Amino acid sequence: NACCFRTFIQPAMSTPAWLVVGNKPPFNVMAASPEFPEYLEYDIHEIVGRSMRMLFGPLTHVAEVRKAVLASGATDSSCAPFMLYTKNGQGRMLVLEIVPAHNGEGDATHCVMTIDHADWVPKKVAVAEDTRAKLVLKAEKPYPVECVSNLFVKLYEFSSDSLSGRTLRPIFGPRTDAQCFDQALDRAKTGKTQNISLWTCKADMSHLLVNITVFPVVEQGAVCNFMLVFKGAIDVKPTAAATEGAKTGPPVRRNRPSSMRLMPNASESPARSSTDSEPEPKKHARPAGSGEAESRRPVDAKHAQPLQLNTAELVRQQLEMREGGVERLIQEGCEAMDELGEEECMERDANDSADLAKATAGADEARAGQDGDDAAGMAFPEALST
């Protein structure tokens, strides 16, 4: 079966061939590349000037080819595999990529048809049992499973009955890139083999990293199924630490003891005397079964109280020093006024009032100048816009 499977994979040519075909009936060939005879065994002079219908045969989907060529007149491109026939009548599965081409006036009057060999597997080879972990999907969405091999069942530990007729979602897990998988199937419809690496899940929910090769399966000249071959599996089972973490649950957030909390600023809170009563710290319940919670002893309030009392005492002493300094300054000023006399004190007060008035006037002038500059700056963009 493996040898038979390999013979149906056509060898890719070094350079694809191309044809220039009119996009209206009878779809005459206008030009051909030198590589064209290597694909369908026609000489260039035998195909140029004639309709491309001479390449069709019993398994050629003529309506689909006609639809793709006509769509090129509306500047639509397409790529799909078709069965074309050689000069000797042998059918070959080829990928036709049709791109619109324009004349000198910009009108799409013809198309360029690139021809390349398609990778394909016959249906009887795809469904046959062999020594590979594989399965066969239908080519229509949502891509249900048609059959699975015994090695695939052994690999994923799913029964064939539980997968047949269903999608591959049972083997998808949280790491599976479903979008990448769907894109690989869409590209396989164009007749080209696809290779992807994908995270999957077994029946016991262990992760499995596999390399998947997607082959187009051809029946009656069209892609009807996909054959997926799984190999290079790497089994990743949950570790003991992860299992233990799942049992104990997430880590519990613990509050810091009261002795580690920061005290507020002296400017933001009133002074507290040493006789003020300290609030009793709250006792937080700890989860049962936590070894770390049981090994750590709760902090006693007596250990935290001296630190708080010392801080409060320090704040009270600083405020007393500030109040004593202000009273001392006021007393010194009164003694100086008594020594100077009433007339000299009044003269000094008048001089201080004059200096204060000058300073206030200067500040008002500076503020008025700043407001004028701001108004001019705001008016400048408006003048530019007008």
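A salt bridge here is a side-chain nitrogen of Lys or Arg within 4 Å of a carboxyl oxygen of Asp or Glu. The model is predicted, so local features need pLDDT of at least 70 and side-chain atom pairs count only at pLDDT 80 or more, while totals for chains, interfaces and linings use all residues. Residues are numbered from 1 along each chain as its sequence is written, and side-chain values use heavy atoms, with hydrogens and water left out.

**Salt bridges**

By this rule the count is 9 salt bridges. Three of them are tabulated, including Glu146 with Lys123, Asp130 with Arg132 and Asp182 with Arg169.

| Glu146 | Lys123 | 3.3 Å |

Take Glu146 and Lys123, whose side chains meet in a salt bridge. The pair joins distant parts of the chain: Glu146 sits in strand β8 (residues 145-148) and Lys123 in helix α5 (residues 123-127), 23 residues apart. Helices (H or I, at least four residues) and strands (E, at least two) are DSSP runs, numbered from the N terminus.

Lys123 has 18%, so Lys123 counts as buried.

Asp182 is partly exposed because its relative accessibility is 25%. Arg169, at 44%, also counts as partly exposed. Elsewhere, salt bridges with shared partners join Lys123, Glu146 and Glu219 into one network.

**Helix α4**

Which residues of α4 are buried? In this helix (residues 62-71) they are Val65, Ala68 and Val69. Seen down the axis of α4, the buried residues fall within an arc of 95 degrees, so they line one face of the helix. That arc is taken over the directions from the helix axis to the C-beta atoms. The face turned away from the buried side carries the exposed residues Ala63 and Lys67.

What covers the buried residues of α4? The cover includes β1 (17-22), β3 (78-85), β4 (91-101) and β5 (110-117). Contact here means heavy atoms within 4.5 Å.

Conventions: Buried < 20%, exposed > 50% of the residue type's maximum accessible area, 1.4 Å probe, protein only.
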